[in-house]
Amino acid sequence: MGWTLMIHGGAGAMTRGALAAADETAGRDGLRAALDAGAAILGAQGSALDAVEAAVRVLEDDPAFNAGRGSVFTWDGAIECDAAIMDGCDRDAGAVAGVSATRNPVSLARAVMTESAHVLLSAAGADAFSIEHGQAQATQDWFAIPERRRQLDEIKARPEGAFDSGMKYGTVGAVAVDDAGHVAAATSTGGLTAKRWGRIGDSPLIGAGTYADDRAAAISCTGSGEHFIRLAFAHEFAARLRLTGDDPDAVAAAMIAELGDLGGKGGFIAVTPDGRAIHAFNTPGLYRGVVAHDRNADVAIFGEE
């Protein structure tokens, strides 16, 4: 059947004029490196699940994105990461929220899926599970980069607008279908700059920001998480494909319109079992890249085609 891999590095207020040339180059290079990591697995007839984990791990290690190293700061100056992964073959899934010491949260999410009876672990419990199951650890200093601190200071200087729903700094995700026709999805994020009170967005919530079902598609979302949660966006997209048989691009456009009607901003990527890559967004741009078995890698940033 062939395979397809699609990744994203966030949607929001990033535009060509708002980023320095070096930052734009770093974003493109990071996306290409993630595509290379996932494509190497799929090209060797590996699984979609392995490919999305590998691609997201690369982005988590890249400070250009808001996931793993480079995650944004909470209001109190901490870094708390969320991640999820899902296998469309059997709809098995794992997720973590509010973890503070695991180098690659997406791999911890996969360990929750394969090594526990649970789907979602959070905060101190997830950190303890991480240590018990041999996940690579990292200090808060390793995660932190100066630009994220500057963004926190900027938001705290204007507390009337402290909820950072209008700006995104690189939540990451990957979706893939492998040679066997199985789909998988993974999403990882540091959340919103200046988030408070243990806020959790859509990324680690199965059916909201992350979903995979071999009967329909694999989906990874990015944007104002509260709205994606309210729409159960990822599951809704998959359900509409499965139950209506409508064209995927038409379903994508309708769902993004509903997101906007609720006041939400963001976008998503998806891939179907037959290898079709889909994306839609209502923000100024969406970092994304796609590679398939029969063509070269293509990286698009800021909504370029």
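Begin by selecting Trp142, which is partly exposed at a relative accessible area of 22%; buried means under 20% relative accessible area, exposed means over 50%, and partly exposed lies in between, with a 1.4 Å probe and protein chains only. The model on your screen is predicted, so that local features need a pLDDT of at least 70 and side-chain atom pairs count only at pLDDT 80 or more, whereas totals for chains, interfaces and linings use all residues. Residues are numbered from 1 along each chain as its sequence is written, and side-chain values use heavy atoms, with hydrogens and water left out.

**The cores**

Now select Leu5, Ile7, Val52, Ile85, Val96 and Ala174, which touch the most other members of the largest nonpolar core, a group of 46 residues. A nonpolar core is a set of buried Ala, Val, Leu, Ile, Met, Phe, Trp, Tyr and Cys residues joined through side-chain atoms within 4.5 Å. Helix H2, residues 48-60, gives the most to this core, with 7 residues; helices (H or I, at least four residues) and strands (E, at least two) are DSSP runs, numbered from the N terminus. A second, separate core has 35 residues, including Ala93, Val175, Ala212 and Ala238.

**Aromatic rings**

The structure holds 5 aromatic pairs, where rings of Phe, Tyr and Trp (its six-membered ring) pair if their centres lie within 6.5 Å, with planes under 30 degrees apart counted as stacked, over 60 as edge-to-face and the rest as tilted. Select Phe65 and Tyr287, whose ring centres lie 6.1 Å apart with planes at 75 degrees, so this pair is edge-to-face. The two residues are 222 residues apart and link distant parts of the chain, with Phe65 in the loop between H2 and strand S2 (81-87) and Tyr287 in strand S11 (residues 285-292). Phe65 is buried at 1% relative accessible area, and Tyr287 also counts as buried, at 8%. Phe143 is buried, with a relative accessible area of 1%.

Then show Phe228, Phe233, Phe237 and Phe268, which form one aromatic cluster. At Trp75, look for the charged end of Lys156 over the ring, 4.8 Å from its centre, and for that of Arg196, which sits over the ring of Trp75 at 4.4 Å from its centre; a charge sits over a ring if NZ of Lys or CZ of Arg is within 6 Å of the ring centre and within 35 degrees of the ring normal.

**The sheet**

Finally, colour the open sheet of 4 strands, ordered S7-S8-S9-S10 with antiparallel pairing; two strands pair if DSSP finds at least two bridges between them. Strand S7 (210-213) and strand S10 (277-281) stand at the edges, each with a single partner strand, so one side of each is left without a neighbour in the sheet. Strand S9 (residues 266-271) runs antiparallel to S10 and is joined to it by 5 bridges, and Val271 stands opposite Ala277 in S10. Helix H8 (residues 233-244) packs on the sheet, touching S7, strand S8 (217-223), S9 and S10, and its direction makes about 145 degrees with that of S8; axes are lines fitted to C-alpha atoms, for helices over the stretch in contact, and angles run from 0 to 180 degrees between N-to-C directions.

Notes. Contact means heavy atoms within 4.5 Å.
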